[in-house]
Amino acid sequence: LLSCLVSCGGKPAGSPGTEPPTSPAQQPGSEAVSDNLPERDMDGFRLGILSYTDAAHGYSLKVMAPEEAPDDGVELAIYQRNMRMEDRFGCLITENQVDRPYDVMRNEATAQNPSNDVAMIYEEHINRILVATPTGLTPFADIPYLNPSRPYWNQDANDTYSISGYQYAGIGDWCLSMYSKVYTYFLNKNVYRTVEQEKDIYDLVRDREWTLERMYELAGRYSQELDGEDGWTAGDRYGIVGTCKVHYQLLLTGAGLKFVDKDGNGAYAFAFRGTAADTRIAKILELNGGSTYYDNTPGEFNGAIKSNEFISGRALLLAATITNLGGVKAETEGGAVGVLPAPMWDGEQADYCSAAIGGLITCFPSFLPADRLENIGILVEALSCDSYNNVVPYYKEVLLKSSRADSPDDAQMMDILFGNLSCDLGCSTWANDIRLPVIREIFLPRQTNYTSAMTLLAAKANTAIGKTTEAINVLLAARG
């Protein structure tokens with residue numbers, strides 16, 4: 001039987017600031033990771049990175065090659081990283097932003113004449129390139145010097161974006177996009193101080209006691225009917241608020257569930273069924289059937305993060321993405337906002353699991369000239385390693401921890417968040433066929449009798465998965 005439960009592990013994420021200070025990896029007593037790459041003069045080789053315009057994808061931290069030194073601290077760190085690589089290898093790093101990079105890759109695959117060396121593609125768009133005829137992607141194994149097993153590549157993404165040994169995409173530290181899309185719960189510390197508690201909330205997380213039931217037990221102590229109106233309304237007080245799409249995904253991923261995983265043969269399969277999944281789904285629906293959680297964007301399934309109840313002190317927790325942290329802190333009294341990972345299912349779970357949805361992933365165009373492959377691999381690997389040592393520490397540990405988190409406790413929570421990213425094709429490649437319908441048809445209406453609905457959704461999911469699997473098998477057969 002396919003196991004829908006996962007062990008999570010990955011890595012991390014940022015936002016604006018000033019001149020990048022010395023990063024932890026550069027400080028005395030800390031060790032940087034070496035890329036173990038050969039030194040070579042590339043004699044002006046130009047690495048072309050294909051990506052999106054801000055108009056086409058403006059909701060993640062995606063910049064790859066600023067043309068000049070920017071004022072923004074994180075972008076400046078990226079600019080300085082590129083300068084180090086250009087000086088080291090005698091190359092030029094450029095970025096080509098277009099509205100529809102997947103169309104560029106498909107068209108150039110047909111012409112067998114790629115104009116870019118590597119692409120950053122929105123995770124929901126990767127299938128448009130993968131299953132094109134001919135495919136628009138070169139497998140990672142064909143890129144010399146690329147080593148996805150290194151710590152600056154997300155290991156769960158390596159497994160997720162590969163089938164039968166064919167890895168067609170990945171998440172490397174050279175791009176902060178996915179890290180900036182991590183889902184989290186914000187903690188209103190002003191409210192928290194008023195809630196009766198048996199144990200500090202951060203200690204619960206550290207001691208692996210931050211479980212689904214424990215979170216609802218704590219949050220339920222704050223929920224209270226206040227405005228005298230019939231039913232639970234916006235004027236009442238809640239333990240948890242947030243749009244359902246983010247809130248339920250936090251709970252599902254946190255409990256170790258995936259919509260799509262690998263079966264016993266290593267093939268993609270719908271994983272959201274079976275005893276373990278049903279038990280977790282039923283418990284999540286039960287806990288959300290009362291007054292602890294309030295969907296503060298009712299009727300707006302895709303509603304943006306709305307924090308009115310949270311910042312006004314009428315909610316303990318807010319389901320959000322990490323990029324919302326600065327704005328929410330600025331509006332909350334005293335900036336007293338902490339961050340927490342999604343709760344585990346129970347203390348026996350292998351680790352906390354973090355959802356990161358809506359960012360860009362790394363892939364390589366097909367038909368790359370053979371004489372360019374070594375330089376491409378060296379540069380992407382070197383950029384990823386340098387980012388692991390310098391850019392990510394600045395983005396996460398210096399900027400987020402010092403400027404946006406209140407305490408060492410919050411900094412530790414961010415380490416947990418960013419260190420346990422879980423990738424799920426049901427949330428990316430097949431989001432419109434799987435994740436969004438499941439949440440819209442089962443969790444949004446809190447449908448406790450969901451067997452028939454899940455059967456229909458599973459059939460739709462299997463159809464979508466089958467089409468992609470068939471196309472991949474054709475590619476693998478063509479490769480021999």
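Where does alanine 356 lie? Select alanine 356: the residue sits in the loop between strand 14 (354–355) and strand 15 (360–365). Before going on, note that this is a predicted model.

**Stop 1: around alanine 356**

Alanine 356 has a relative accessible area of 9%, so it counts as buried, the limit being under 20%. Alanine 356 and serine 180 are 176 residues apart in sequence, yet their C-alpha atoms are 8.0 Å apart in space. Next, show what touches alanine 356. Neighbours within four places in sequence left aside, alanine 356 is in contact with Glu123, Met178, Lys181, Val182, Leu421 and Ser422.

**Stop 2: the whole chain**

The protein has 15 helices and 16 strands. It has 480 residues, and 60% of them count as buried. Take the contacts between residues at least 6 apart in sequence: 80% of these join residues at least 24 apart.

**Stop 3: strand 3**

Select strand 3, residues 118–122. Is strand 3 largely enclosed by the rest of the structure, or open to the outside? Five of its five residues are buried, so strand 3 is largely enclosed.

Which strands does strand 3 join? Strand 1 and strand 3 run parallel and are joined by two bridges. Strand 3 and strand 15 run antiparallel, with four bridges between them. In general, strands of a sheet pair through backbone hydrogen bonds, in a parallel or an antiparallel way.

Click on alanine 119 to see both sides. Alanine 119 is the bridge partner of leucine 50. In strand 15, alanine 119 has cysteine 363 as its bridge partner.

**Stop 4: aromatic rings**

Show the rings of the aromatic residues. The structure holds twelve aromatic pairs. One of them is formed by tyrosine 59 and tyrosine 122, in an edge-to-face arrangement with 6.1 Å centre to centre and 80 degrees between the planes. This pair links distant parts of the chain, 63 residues apart: tyrosine 59 is in the loop between strand 1 (45–52) and helix 1 (73–89), and tyrosine 122 is in strand 3. Tyrosine 59 counts as partly exposed because its relative accessibility is 40%. Tyrosine 122 counts as buried because its relative accessibility is 12%.

Move to phenylalanine 259 and phenylalanine 272. Their ring centres are 4.6 Å apart and their planes are at 45 degrees, so this pair is tilted. It too links distant parts of the chain, 13 residues apart. Phenylalanine 259 is in the loop between helix 8 (244–254) and strand 9 (260–262), and phenylalanine 272 is in the loop between strand 10 (268–270) and helix 9 (275–287). Phenylalanine 259 counts as buried at 1% relative accessibility, and phenylalanine 272 counts as buried at 0%.

Then select Phe140, Trp153 and Phe364. Ring pairs link these residues into a cluster.

Arginine 128 lies over the face of tyrosine 102, at 4.7 Å from the ring centre. Arginine 237 lies over the face of tyrosine 222, at 4.0 Å from the ring centre.

**Stop 5**

In what order do the strands of the open sheet run? Five strands form it in the order 11-8-12-7-13, with mixed pairing. Strand 11 (293–294) and strand 13 (337–340) are the edge strands, each of which pairs on one side only.

Look between strand 7 (residues 183–188) and strand 12 (residues 315–321). These two run antiparallel and are joined by five bridges. Within this stretch, tyrosine 185 stands opposite alanine 319 of strand 12.

End on helix 7 (residues 212–220). Its buried residues are Leu212, Met215, Tyr216, Leu218 and Ala219. These cover an arc of only 165 degrees around the axis, so they are on the same side of helix 7. An α-helix has 3.6 residues a turn, so residues three or four places apart point the same way.

Conventions:
Residues are numbered from 1 along each chain as its sequence is written. This is a predicted model: local features need pLDDT of at least 70, side-chain atom pairs count only at pLDDT 80 or more; totals for chains, interfaces and linings use all residues. Side-chain values use heavy atoms; hydrogens and water are left out. Rings of Phe, Tyr and Trp (its six-membered ring) pair if their centres lie within 6.5 Å; planes under 30 degrees apart count as stacked, over 60 as edge-to-face and the rest as tilted. Buried means under 20% relative accessible area, exposed over 50%, partly exposed in between (1.4 Å probe, protein chains only). A charge sits over a ring if NZ of Lys or CZ of Arg is within 6 Å of the ring centre and within 35 degrees of the ring normal. Contact means heavy atoms within 4.5 Å. The arc is that of the directions from the helix axis to the C-beta atoms. Two strands pair if DSSP finds at least two bridges between them.
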